[in-house]
Amino acid sequence: MTLAKPGQSHDHGGRAVAGAPTIVDPRWLVFLQVSASGSLSRAAAALDMPQSMVSRHIAQLEQQCGERLFRRTGRGVVLTEFGEQMLPRVTRLAAEADALADDIRSARGQPAGEVLLGLLPSAVNHYAGPLFAAARAQLPAVRLHLTEAASAQLEEHLREGRLDMAVVLKEDEASIGDCHVLARVPLHLVAPRGDAVVANGDVPLAALTGLPLVVPGRPHLLRARLDRLASEHGVALQAAVEVDSVRLQYEVVAAGGGYAIASVLPGKLDARLASSRIVDPVLERFVVLAESPRRPQTRATRAVRRLVSAVADALEASHRIST
């Protein structure tokens with residue numbers, strides 16, 4: 001993060017943005033990030049700022065206020081009573097300032113500013129290229145910052161305000177909430193190519209009884225869902241190998257280590273592997289676009305959200321054609 005010079009403002013991540021006036025003292029944006037992160041070091045990493053500078057900004061604010069904003073603990077920092085009082089007011093002020101700065105930047109009718117978007121590793125091949133190309137062509141004043149991470153990590157970044165939005169996985173409809181559904185993807189049983197279990201079309205959930213499974217270790221949302229399904233349907237699922245990455249699961253399966261349970265898109269499976277959809281019941285996962293509750297919506301974020309939806313619609317159409 002770079003601090004604003006006269007004639008500059010900051011976007012909602014604390015980065016300097018040319019062409020709009022400074023509205024909020026950037027040190028208060030540092031205060032918000034430290035509060036969200038619960039740690040000076042994590043806040044410094046999120047802001048791309050030396051930890052010493054984060055500490056200095058907080059100390060300057062405390063000196064000006066005449067009150068402590070944070071107290072140190074063995075695990076980081078927590079807000080003092082005074083800090084708790086300041087947090088909602090500073091949050092509202094920062095959101096209003098962001099909206100005003102966004103209006104100023106977009107006065108000529110073009111969305112402008114930086115948008116931080118997280119992608120699942122499995123979504124990178126499908127979304128990154130088309131989304132970048134569309135943003136470059138349609139949103140020339142928007143700087144698109146892409147990040148790749150596992151779904152749980154992306155959700156954490158959203159909660160901390162380190163991303164504007166992210167493409168993440170939801171295991172069931174009840175967990176979708178306000179997220180925008182991009183795709184519904186059935187779960188498949190993945191086996192080495194030529195394996196008899198997946199040779200004859202769909203595989204009933206009951207047929208998984210006793211199979212050596214290559215699954216994520218606990219705690220993991222998919223593992224928790226599988227445990228719940230096993231209990232509900234009286235299926236004895238055998239976890240032979242615990243591997244948290246889908247790519248690693250596929251490698252273990254290809255080496256003969258068992259069977260994986262994963263979302264498989266048409267034509268996208270490793271040539272060494274084969275899969276069949278799990279049925280009775282059909283198990284679906286939901287690819288959704290989730291937004292951060294800690295970052296304001298701007299014309300730029302709304303425009304990028306529309307582009308993500310358009311890319312998802314194009315992918316869905318291509319999958320229907322290929323099948």
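The model is predicted, so local features need pLDDT of at least 70 and side-chain atom pairs count only at pLDDT 80 or more, while totals for chains, interfaces and linings use all residues. Residues are numbered from 1 along each chain as its sequence is written, and side-chain values use heavy atoms, with hydrogens and water left out.

**The whole chain**

Begin with the chain in cartoon view, where there are nine helices and 14 strands. These are DSSP runs numbered from the N terminus (helices are H or I, at least four residues; strands are E, at least two). Of the 323 residues, 47% are buried; buried means under 20% relative accessible area, exposed over 50%, and partly exposed in between, with a 1.4 Å probe and protein chains only. The chain exposes about 16,100 Å², of which carbon and sulfur atoms supply 52%; accessible areas come from the Shrake-Rupley method with a 1.4 Å probe, and for residues only the protein chains shown count as cover. Among contacts between residues at least 6 apart in sequence, 72% join residues at least 24 apart, a contact being heavy atoms within 4.5 Å.

**The aromatic cluster**

Next, select W28, F31 and F70, which ring pairs link into a cluster. Rings of Phe, Tyr and Trp (its six-membered ring) pair if their centres lie within 6.5 Å; planes under 30 degrees apart count as stacked, over 60 as edge-to-face and the rest as tilted. The structure holds two such aromatic pairs. In W28 and F31, the ring centres are 5.4 Å apart and the planes stand at 85 degrees, so this pair is edge-to-face. Both residues lie in helix 1 (residues 26-37), three residues apart, about one turn of the helix. W28 is buried, at 17% relative accessible area, and F31 is buried, at 0%. F31 also forms a tilted pair with F70, at 5.5 Å centre to centre and 50 degrees between the planes. This pair links distant parts of the chain, for F31 is in helix 1 and F70 is in strand 3 (residues 70-73), 39 residues apart. F70 counts as buried, at 5% relative accessibility.

**Helix 4**

Now select L100 in helix 4 (residues 81-105). L100 is partly exposed, with a relative accessible area of 43%.

**Helix 6**

Finally, select H157 in helix 6 (residues 151-160). H157 counts as buried, at 11% relative accessibility. Not counting residues up to four places away in sequence, H157 touches R162 and L163.
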